[in-house]
Structures are given as C-alpha cells and as structure tokens.
Amino acid sequence: MIKTLEYIFLFVIFPGFLFSGAMGLLIGWLDRKITARIQWRVGPPWYQNFFDILKLSLYKETLLPEGVSSVFFLGMPLIGLAAATLVSTMIFVINGAPKFSFIGDIIAVVYLMLIPSISLMLGAFASKNSLASLGGAREMKLMLSYELPFILCLVVTIMKSGFNIRLGEMMLYQNEHGWAIASISGIISFIVMILCAQAKLGFIPFDMPEAETEIMGGTYIEYSGKALAAFKLTKAIMYFALPMFIVTIYFGGLKDTVEGFISTVLAYLLVVVLMVLIKNTNPRVRIDHAVRFFWGPMTSLAVLSIVLAYLGY
Amino acid sequence: MGLKETVLSKSIYVFHASSGSCNNCDIELLDCLVPRYDLERFGIVLVGSIKHADAMLCTGSTNRLCVPRIKKVYEMMPKPGFVVAWGACGSSRGMFKDSYNTGVPLDEVIPVDVYIPGCPPKPEAIIGGLLKLIEKIKAKKG
C-alpha cells in the first residue's frame, strides 16, 4: 500500500507530472526568451507558457471534427502525455537514486521516448484532414530516419561506460572513470545526438511535420482546447526530459555534491542552449533532405564513433 | 478581474483571415512581429490553424465569394473567440463600398469586436487596436 502511494507520488507530483510539466514550461520560456534576444526583441514574460496552457485547458472549447473517431482523436494526446511523464519520472528517479535502476532501462527509455511521436502521428491520421495526414506521414519518415543514428550513439555511451545497460550503473561508472563526453568518440557521437534530439523534439531544421507557414500546423491542425494543451504539455515534458537524458548518458548525470549539482545544471543548460542556437540559425529542410542527412552523414559519423570507441579513443 | 480574464487577455493567439485584401494590411501585420514592435511580449502569437486561435484578424473587403467562407472560418474558431476588423476595407469596405462585388460589410457577416482603421493601419495603430481588444476581454464578465 505504502509502495503504491510512493509510486503515485513519484508519477504525479515530484519528478513526475507536476514538476516535469512546470519545469518543461519554464524551459520552453527560456527557449522563447533566448530566441527573442537573438532576434533583438524583448520576448514574453516568464509565466507566458503557463498562461497558454491554462487558457487552452480551462477556458477554450475542445472541438471534435465531424466523423472522426473520438477515442483515437482524444485518446492519443493522453497516451503521449502519459508516456512522456513516465519517461521523465524514470530518468529523474534514476538520477536521484541510481539503485532504482533495472537491467535494460536504457532500452525502456528509448521505447518510451518514441511513444509521444507515435501518438502525435496517429492523432494526426485520425483527424481526417489532408494537411494533418501529410504532417503525420512526415513525422513517420522523420522518426524512421533519426532513430538509427540515435541508437548508434547510445551504443557509444554504453561502450564508454563499461558495457553497462543500466542507467544508474552507467552514471556511477562514468563518474569514476571519466565522462563519455571526454573522448573523441564521445564528442562525435554527442554532436550526432544533439541533432537527433533536435529532430525528436521537432525543432526548426526538422520541423516539417508541423511547418506553421507551409502546412498550417500540420499534425496539430485539427486539435484545439484540452487536446492541444495535452500535446503542448507532452512537448514541454519531452523538452525537459530529453536534455536530462543526454546529460545522464554523456555527463554522468546528477551528482550529490554541491559542485557536482552545479556542473550538472551547467551541462543541462549547455545542451538546451546549443539546441536553441541550432534552432535559430537554420532554415527548415525538406523531408527527403532530412532522411538523406540522417541515414548518410549522421549514421556514418555514429558508426565512426563506435569504431573509435571500440579502439579505445 | 478573475483568473479567466487575466489568462485570456495575456495569451492571445491570432489567426489571419484575408477576404480579398490588397496585401498591404497583411504586410503591416508581419511588421508588428518584427523586433521593432515585438507583439510576442504581450503573448500575441501568429498561428497557422484557426482551431488554435483566440482572435481572428480579418483584412479585405469581404467580397461575395468570401462571405460563406469567412462565416465558416468564424464557426470553426473555438469559443471564446474574438474578431478584429483590420484596415479600411475590413472595417467599412473602404473604396469598394459601391462595388457590385462587395454586397455586405464584414460586421454584418460575423460579430466584430474591435475595428482598426487605416489604409493600411500603421503598426502603432495595430498595437493600439490590439490593446483595446485586451481591455475589452478584461472588462468582459463571465
């Protein structure tokens, strides 16, 4: 009974839904503010994203397009939100207490991180709109293209942490024997990883699924009110969890000393700011360019870094 | 002023509906989003789909072919939603008042909340009009 309550607390309140959602919205504000400062603007106040979510979820109508399956159309945002919350909870619980780690949890994290994209794609297909299905098809192609280099990069970090596939032991090993980023293969795979994360979150060089100016919001086009708020929250939580995952596997995760905590926060901010800078200095590429980019140069770089890691560099 | 009015007035997503305008008003809208005027600091964001929008900016003289379409777009907007008539044509049909092609002004087709006159309105006038819209949302009860 106590165990169940503890799990509910972990999932709903502390590293789970409320905490990750709030932090994700704050990170989203940081993104908007940095973007504004880069473009020499003032930018929105810090509570802007909270107001957006509150407005959508409390005061706006949720419209259901004529003839769609309401189970699919309204259920997909919830499934995506639940998966994103679960993956965020897992990453933070393991960072806080590495003994909670279980065998192969890195594989579970990879699976769970796919579910928000899949739910977005299915929701788009369910919404009976030609632009939405175009966006869904692009999301699917993008997913197929970035998963291969993403998993190859994970292999590099696993090799750099003494062939452990538990996140907790990977962290402990890296803190003892040096971080994965502090090697040539680590740096190469980190670059590939950042670009894959960019595509996973749907940021600008790879935002063709939702292309506002081209297909009018694409996958989100028919969503309104609470369903749209659920998708926005999913994206915010993923924006919080994915950089933390990268910090966990490349920088040894959260440490319990003060200096260690500060270095983790700095590494996290480094990853986020790198992503915002890539987002602000690139135009949107076409979907065939993206697939060619991920299957060509990025996969080659990832394979090269695996070979280097095998040789001990 | 409760939470509802605060939230609704601080986060306005605008959708841009053109019903046969000459594109001058549309270009001025883009001017509002550039660094010099920066509408995003009021929480105003341009969105691509009417289903995400809180306010509909209507430019143009509402010609005959556009009347049913602009009605349909208004019905697709999730409520509470607001309409801003933009420019001389949007507010009063402007120089096309006696044209065979523009039978009714916009405010007889859909309910209009705020008018922004000008041909085209300057960005300052547009920001003034949008602040009037914010005042109107704040004053609205319930």
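A:Val87 is in contact with A:Val109, A:Leu112, A:Met113 and A:Ala241, leaving aside its neighbours within four places in sequence. Two residues are in contact if their C-beta atoms, placed from the backbone, lie within 7 Å. This is a predicted model: local features need pLDDT of at least 70, side-chain atom pairs count only at pLDDT 80 or more, and totals for chains, interfaces and linings use all residues. Residues are numbered from 1 along each chain as its sequence is written, while chains are lettered from A and ligands numbered from 1 in the order in which they are written.

**Nonpolar cores**

- A:Val87 is among the residues with the most contacts inside the largest nonpolar core, together with A:Ile91, A:Cys153, A:Cys196, A:Ala241 and A:Ile246; this core has 85 residues.
- The largest share of this core, 20 residues, comes from α10(A).
- Apart from it lies another core, of 36 residues, including B:Phe15, B:Val83, B:Ile126 and B:Ile137.
- A nonpolar core is a set of buried Ala, Val, Leu, Ile, Met, Phe, Trp, Tyr and Cys residues joined through C-beta atoms within 7 Å.
- A residue is buried if 20 or more other C-beta atoms lie within 10 Å of its own, exposed if 12 or fewer, and partly exposed in between, with C-beta atoms placed from the backbone.

**Helices α3 and α10 of chain A**

- Helices (H or I, at least four residues) and strands (E, at least two) are DSSP runs, numbered from the N terminus.
- α3(A) and α10(A) pack at an angle of about 145°, and their axes are 7 Å apart.
- Axes are lines fitted to C-alpha atoms, for helices over the stretch in contact, and angles run from 0 to 180 degrees between N-to-C directions.
- On the α3(A) side, A:Ile53, A:Leu56 and A:Ser57 meet A:Gly225, A:Lys226, A:Leu228, A:Ala229, A:Lys232 and A:Leu233 in α10(A).
- By class, the residues of this contact divide into 5 nonpolar, 2 polar and 2 charged.
- Ala, Val, Leu, Ile, Met, Phe, Trp, Tyr, Cys and Pro count as nonpolar, Asp, Glu, Lys and Arg as charged, and the others, Gly among them, as polar.
- Helix α3 of chain A also holds A:Asp52, which is buried because 22 other C-beta atoms lie within 10 Å.

**Where the chains meet**

- In chain A, 27 residues are in contact with 18 residues of chain B.
- α3 (48-59), α9 (212-215) and α10 (225-251) of chain A each supply at least two residues of the side that touches chain B.
- The most is given by α3(A), with 6 residues.
- This side of chain A has 13 nonpolar, 7 polar and 7 charged residues.

**The sheet of chain B**

- Chain B has an open sheet of 5 strands in the order β2-β1-β3-β4-β5, with parallel pairing.
- Two strands pair if DSSP finds at least two bridges between them.
- The edge strands, β2 (44-46) and β5 (114-116), each pair on one side only.
- Neighbouring strands of this sheet are turned by 30° against each other on average, direction ignored.
- Helix α5 (residues 123-139) of chain B packs on the sheet and touches β2, β3, β4 and β5; the direction of α5 makes about 170° with that of β5(B).
- Strand β1 (residues 12-18) of chain B has 5 of its 7 residues buried.
- β1(B) pairs with β2(B) over 3 bridges, and B:Val14 stands opposite B:Leu46 in β2(B).
- Strands β3 (residues 55-59) and β4 (residues 82-86) of chain B run parallel and are joined by 4 bridges; B:Cys58 stands opposite B:Ala85 in β4(B).
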